[in-house]
Protein chains: 2
Amino acid sequence: MRIGELAERTGVSVRALRYYEEQRLLAAERSGSGQRRYADNAVGRVKLIQQLYAAGISSASILEMLPCVVTGVAAPEVLAKLRGHRSSVVKQIEELQETLQQLDTVIAGATKAYTTGVPCPPG
Amino acid sequence: MRIGELAERTGVSVRALRYYEEQRLLAAERSGSGQRRYADNAVGRVKLIQQLYAAGISSASILEMLPCVVTGVAAPEVLAKLRGHRSSVVKQIEELQETLQQLDTVIAGATKAYTTGVPCPPG
DNA sequence: GCTACCTCTGACGTCAACGTCAGGTTTCTA
DNA sequence: TAGAAACCTGACGTTGACGTCAGAGGTAGC
């Protein structure tokens, strides 16, 4: 498929896909005229990249771990980094759960208070 | 306390604290010579700010919700935004949990494969 | 009162993941 | 075989949360 279709199917922009290629995260065949052609599995690859980005992992780290994700094999150093990222993700989840509780407390309190008290000025 | 102590007690930089003030997220009294003086509860406030930042909430949104967190009262519009942020945090958590599973799969597979197979080149 | 450290304002620098624009080529559709 | 739509390669712009540096003034221990 061409880049526009991949963009549509993954929900990321064309520019982002070119950027991934620049970062060597996503390869593409080229047609005779130089247009990018992607295989079907590129969709999954792009979604994986997005997921890792969302976890706060940098291009460089993703680049490092991608072949391992694909082949299922990793050298000890890479494995150590993977474990590092794993624990960072765990920590992020824990912190977000705390934040969620805070938000819930505020929402619950504010909802109740507003039915009886003075509102907090918006803006 | 002065800004250096607050920085040390919260683990954020002096520059960040000044930035929070710029964004009107954190107020400070001033000494006669113009130095910032913070009350003890500033520690909690800074940690809250960090938590909200970590949830991907912008300065503007934090500014909007802070008085509500403090007073426990919110106008309906603000409340709606709070709920919006809440669901965004929930979504983030879900996505991170997916990512965690992916990482676990990779780590498990790679650990096993490495004991028997070919390593993935590091770097 | 000396000295070492802390703090001030202002202003430019940084970094990552793209957005956007320009100017030209390719591909699809009628 | 038009012409619209998609694609190409640069290359500069953007945004947020700070980092960093300069030059000047404040503070605390001895």
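**Contacts and their criteria**

Author: Between domain 1 of chain A and domain 2 of chain A, two residue pairs are in polar contact, both residues of each pair being at pLDDT 80 or more. The model is predicted. The side of domain 1 of chain A that touches domain 2 of chain A comprises five nonpolar, two polar and one charged residues.

Reader: How do you know where domain 1 and domain 2 of chain A lie?

Author: The domain assignment of chain A places domain 1 at 1-73 and domain 2 at 74-118. The bounds come from an automatic or database assignment. The centres of domain 1 of chain A and domain 2 of chain A, taken over C-alpha atoms, are 28 Å apart. Eight residues from domain 1 of chain A and seven residues from domain 2 of chain A take part in the contact.

Reader: What area is buried between domain 1 and domain 2 of chain A, and which residues of domain 1 lose the most?

Author: About 640 Å² is buried between domain 1 of chain A and domain 2 of chain A, with carbon and sulfur atoms giving 65%. On the side of domain 1 of chain A, the residues that lose the most area to domain 2 of chain A are A:Ala55, A:Glu64 and A:Met65, together 54% of what that side buries.

Reader: Why is the pair A:Lys81 and A:Glu64 called a salt bridge?

Author: The closest N and O atoms of A:Lys81 and A:Glu64 are 3.2 Å apart. The criterion asks for a side-chain nitrogen of Lys or Arg within 4 Å of a carboxyl oxygen of Asp or Glu. The pair A:Lys81 and A:Glu64 is therefore a salt bridge. The count between domain 1 of chain A and domain 2 of chain A is one salt bridge.

Reader: What makes A:Asp104 and B:Arg86 a salt bridge, and how many are counted between chain B and chain A?

Author: For A:Asp104 and B:Arg86 the closest N and O atoms are 2.4 Å apart. With a limit of 4 Å, the pair A:Asp104 and B:Arg86 therefore qualifies. Two salt bridges are counted between chain B and chain A. Across the interface of chain B and chain A, 10 residue pairs are in polar contact, both at pLDDT 80 or more.

Reader: Which elements of chain B supply the side that touches chain A, and of what classes are the residues there?

Author: At least two residues each come from α3 (42-54), α4 (59-71) and α5 (76-116) of chain B. The largest share, 27 residues, is that of α5(B). By class, the side of chain B that touches chain A holds 30 nonpolar, 10 polar and six charged residues.

Reader: How many residues of chain B and chain A are in contact, and what area do the two chains bury?

Author: The contact involves 46 residues of chain B and 46 residues of chain A. Chain B and chain A bury about 4,000 Å² between them, and 73% of it is on carbon and sulfur atoms.

Reader: Turning to the DNA, which residues are closest to DNA strand C?

Author: DNA strand C is surrounded by 20 residues, the closest being A:Ser13, A:Ser33, A:Ser59, B:Gly4 and B:Arg36. Of the atoms of DNA strand C that come within 4 Å of the protein, 75% belong to sugar and phosphate.

Reader: Why is A:Ser13 said to be in polar contact with DNA strand C?

Author: An N or O atom in the side chain of A:Ser13 is 2.6 Å from a phosphate oxygen of DNA strand C. The limit for a pair of N or O atoms is 3.5 Å, so the A:Ser13 pair meets it. For the side chain of B:Arg36 the distance to a phosphate oxygen of DNA strand C is 2.7 Å, and for the side chain of B:Arg30 it is 3.1 Å; both values therefore fall within 3.5 Å.

Reader: Which element gives the largest share of the surface near DNA strand C?

Author: The largest share, four residues, comes from α2(A). By class, the surface near DNA strand C has five nonpolar, eight polar and seven charged residues.

Key: Residues are numbered from 1 along each chain as its sequence is written. Chains are lettered from A and ligands numbered from 1 in the order in which they are written. This is a predicted model: local features need pLDDT of at least 70, side-chain atom pairs count only at pLDDT 80 or more; totals for chains, interfaces and linings use all residues. Side-chain values use heavy atoms; hydrogens and water are left out. Contact means heavy atoms within 4.5 Å. Buried area is the accessible area (1.4 Å probe) that two parts lose on being put together, summed over both. A polar contact is a pair of N or O atoms within 3.5 Å; within protein, one must be able to donate a hydrogen and the other to accept it, and residues adjacent in sequence count only if both atoms are side-chain atoms. Ala, Val, Leu, Ile, Met, Phe, Trp, Tyr, Cys and Pro count as nonpolar, Asp, Glu, Lys and Arg as charged, and the others, Gly among them, as polar. A residue is near a molecule or strand if one of its heavy atoms lies within 4 Å of it.
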